[in-house]
Amino acid sequence: MFDSSTLLRQRFAALRSTAELFSLRHVKQSHQSLSVRRNVAEPPFFSQDEGAMLTVRVEGVEAYAATADLSQAGLQRALEHAEALARRIKASSLLDLSGQPAPDGRHDHVSPNFEQPLPNLAECLDLLAAESASVPMDERLVDWQASLGISVVEQTYLNSAGAELRHAQRFVYPGLGVTASDGQDSQSRSLGRENFGQQGGFEVIERCGLVGAARRVADEALQLLLAPNTPSGRRDLLLMPDQMMLQIHESIGHPLELDRILGDERNYAGTSFVKAEDFGHLQYGSKLLNVTFDPTLREELASYSFDDDGTPASKQFLIRDGLLVRPLGGALSQLRSGLDGVANSRACGWNRAPIDRMANLNIEPGDQSLEQLVSGIEHGILMRTNRSWSIDDARNKFQFGCEWGQLIENGKLKGVVKNPNYRGISADFWRNLSAVGDSSTYQVLGTPNCGKGEPNQVVRVGHASPACVFRQIDVFGGDA
């Protein structure tokens, strides 16, 4: 852990620059993906990447240059290139960053159980093979796959003001999927995969529930194959956490990213229906809605002590009692807008500049058990596990589909229905939030592949949520 820190410090100390502030952000990351499909091990995938971003501030102008050459000469060349660029763009710069505070802290942030070794490659493949082999023999089960992804990232931030900030993180992504088909219809049921990722060690696989899950997941795929289509109309909607994470991500996370609100993503990822003047005024949801940026949950994917600009990270409310109070904006966007933000300036790697990204975006638990949530619904539907999503480029009008649906009548869970979908308008939808589950319904989830920015950046995002009930939502089946 932090094997290269001593050498980096020495090389950083030897760098020469006339800039009033300069920094180095070194990133070393590796990834492996393992999969067993239909009882056959697929070729494993391995990748490794390492490099550094050098950033300078010259007369209030910042510029950067990245390099994979980590020698003393390579770092010096990148620093000089960044400094020359800053001087060239000085005449056309729109911002004066002279007054921006420089990080000067020293801190290490380490994932839970980072130094605990995971099972080796053969042991991981054996685990996946055993789960694959436990899928029942049924001619309607046409495809299944057990998978495991593991990423390790070590990052060091140094600057000329004396900061030394280090991350050592491991991210684990277990997954299982089963598809059933009768020749006329096909239905899939999954566990984890794009919906579940956490920081840590083998305990992440245990928390996901991957081991021993194949029979249940296969049975649910078969149940969906035999189930009637979801009825259409307005019903109360009970969303479980693995669908809430998609709802939070698309209709709260992206709309609140401050660079989108300021127009930076307009020609690529889109804009936002939220305006800068809405903060402190817009009733985003019902009074039950409390949304936090929370980098302190150690197992959540985007937990960290400081962002990639070196800003200290702490828990902050973005929406409190339904009122919009704070955007997802890092130091640069805060300067541009005059709004208070959070420490969410993040980059996907050493050769990308940090931009505003949602990180751990969570809904705070309420006070009702799952049984109480169900019992409070007279005519509704439970949905879980995202299958499809569509939302406009302002992150306002949306239509989402799920894998699993169950009718709720007179406070009781009834039969399974397939192809459950729902649609709405973001703020109106959240204003219809009528009940929030307690900590017993709360799950810490996350996705490894949120894309944004030009050039594109794919980052890890955490979402934790309880189960939630929304009143009178437009739901429909696959034939609507």
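Which residue's side chain does a polar contact of 2.8 Å join to the side chain of His-26? Keep that in mind as you open the viewer; what you are looking at is a predicted model.

**Stop 1: His-26**

Select His-26, which lies in strand β1. The partner is Glu-50: a polar contact of 2.8 Å links the two side chains. Is His-26 buried or exposed? With a relative accessible area of 2%, His-26 is buried, because the cut-off for buried is under 20%. Now show what surrounds it. Beyond its neighbours within four places in sequence, His-26 is in contact with Ser-4, Leu-8, Glu-50, Gly-51, Ala-52, Leu-70, Glu-154, Gln-155 and Thr-156.

**Stop 2: the annotated domains**

Residues 24-86 carry the feature "domain: Metalloprotease TldD/E N-terminal" (unreviewed entry) in UniProt. This span is 24% helix and 59% strand, and its end C-alpha atoms lie 16 Å apart.

For residues 122-225, UniProt lists "domain: Metalloprotease TldD/E central" (unreviewed entry). Here the end C-alpha atoms are 35 Å apart, with 30% helix and 44% strand.

Residues 233-475 are where UniProt places "domain: Metalloprotease TldD/E C-terminal" (unreviewed entry). The end C-alpha atoms of this span lie 6 Å apart, and the span is 16% helix and 38% strand.

**Stop 3: helix α3**

Select residues 121-133, which form helix α3. At the start of the helix, a side-chain oxygen of Asn-120 comes within 3.2 Å of the backbone nitrogen of Ala-122.

Which residues of α3 are buried? They are Cys-124, Leu-128, Glu-131 and Ser-132. These cover an arc of only 105° around the axis, so they sit on the same side of α3. Turn to the other side of α3 and you will find Asp-126, Ala-130 and Ala-133 exposed. The buried residues of α3 pack against β1 (21-37), β6 (141-159), β7 (164-181) and α5 (214-226).

**Stop 4: helix α5**

α5 has 13 residues and reaches 19 Å from its first C-alpha to its last, close to the 18 Å expected at 1.5 Å a residue. Its buried residues include Ala-214, Val-217, Ala-218, Glu-220 and Ala-221. Among the elements covering the buried residues of α5 are α3, β8 (186-192), β18 (397-409) and β19 (412-417).

**Stop 5**

Follow the chain from α3 towards β6 and pick Arg-140 in the loop between them. Arg-140 is partly exposed, with a relative accessible area of 29%. Its side chain makes a polar contact of 2.8 Å with the side chain of Asp-138. Not counting residues up to four places away in sequence, Arg-140 touches Thr-179, Ala-180, Ser-181, Leu-222, Leu-225 and Leu-226. Arg-140 and Gly-183 are 43 residues apart in sequence, and their C-alpha atoms are 8.5 Å apart in space.

Now step back to Ser-111, in the loop between β5 (106-110) and α3. Ser-111 counts as buried, at 2% relative accessibility. Leaving out residues up to four places away in sequence, Ser-111 touches Ala-168, Gln-169, Arg-170, Gln-199, Gly-200 and Arg-298.

**Stop 6**

In soluble globular proteins, nonpolar side chains tend to be buried together. The largest nonpolar core here has 52 residues, and Leu-256, Tyr-284, Tyr-422, Phe-429, Trp-430 and Phe-470 touch the most other members. Helix α6 (residues 241-256) gives the most to this core, with 5 residues. Centre on Trp-430: beyond its neighbours within four places in sequence, its contacts include Met-244, Ile-248, Ile-252, Tyr-284, Leu-289, Ile-363 and Phe-470. A second, separate core has 29 residues, including Cys-124, Leu-141, Ala-146 and Val-217.

**Stop 7: backbone details**

Finish with the backbone.

- Glu-454 and Pro-455 are joined by a cis peptide bond, with omega about -5°. Pro-455 is in the loop between β22 (443-452) and β23 (457-465).
- Thr-385, in strand β17 (residues 379-391), has a positive phi near 70°. Thr-385 counts as buried at 2% relative accessibility.
- Asn-419, in the loop between β19 and β20 (421-425), has a positive phi of about 55° although it is not a glycine. Asn-419 counts as buried at 12% relative accessibility.

Technical notes
Residues are numbered from 1 along each chain as its sequence is written. This is a predicted model: local features need pLDDT of at least 70, side-chain atom pairs count only at pLDDT 80 or more; totals for chains, interfaces and linings use all residues. Side-chain values use heavy atoms; hydrogens and water are left out. A nonpolar core is a set of buried Ala, Val, Leu, Ile, Met, Phe, Trp, Tyr and Cys residues joined through side-chain atoms within 4.5 Å. Buried means under 20% relative accessible area, exposed over 50%, partly exposed in between (1.4 Å probe, protein chains only). Helices (H or I, at least four residues) and strands (E, at least two) are DSSP runs, numbered from the N terminus. Contact means heavy atoms within 4.5 Å. The expected span of a helix is 1.5 Å times one less than its number of residues. The arc is that of the directions from the helix axis to the C-beta atoms. A polar contact is a pair of N or O atoms within 3.5 Å; within protein, one must be able to donate a hydrogen and the other to accept it, and residues adjacent in sequence count only if both atoms are side-chain atoms. UniProt positions are given in the numbering used here, feature names are shortened, and annotations may be inferred rather than shown by experiment.
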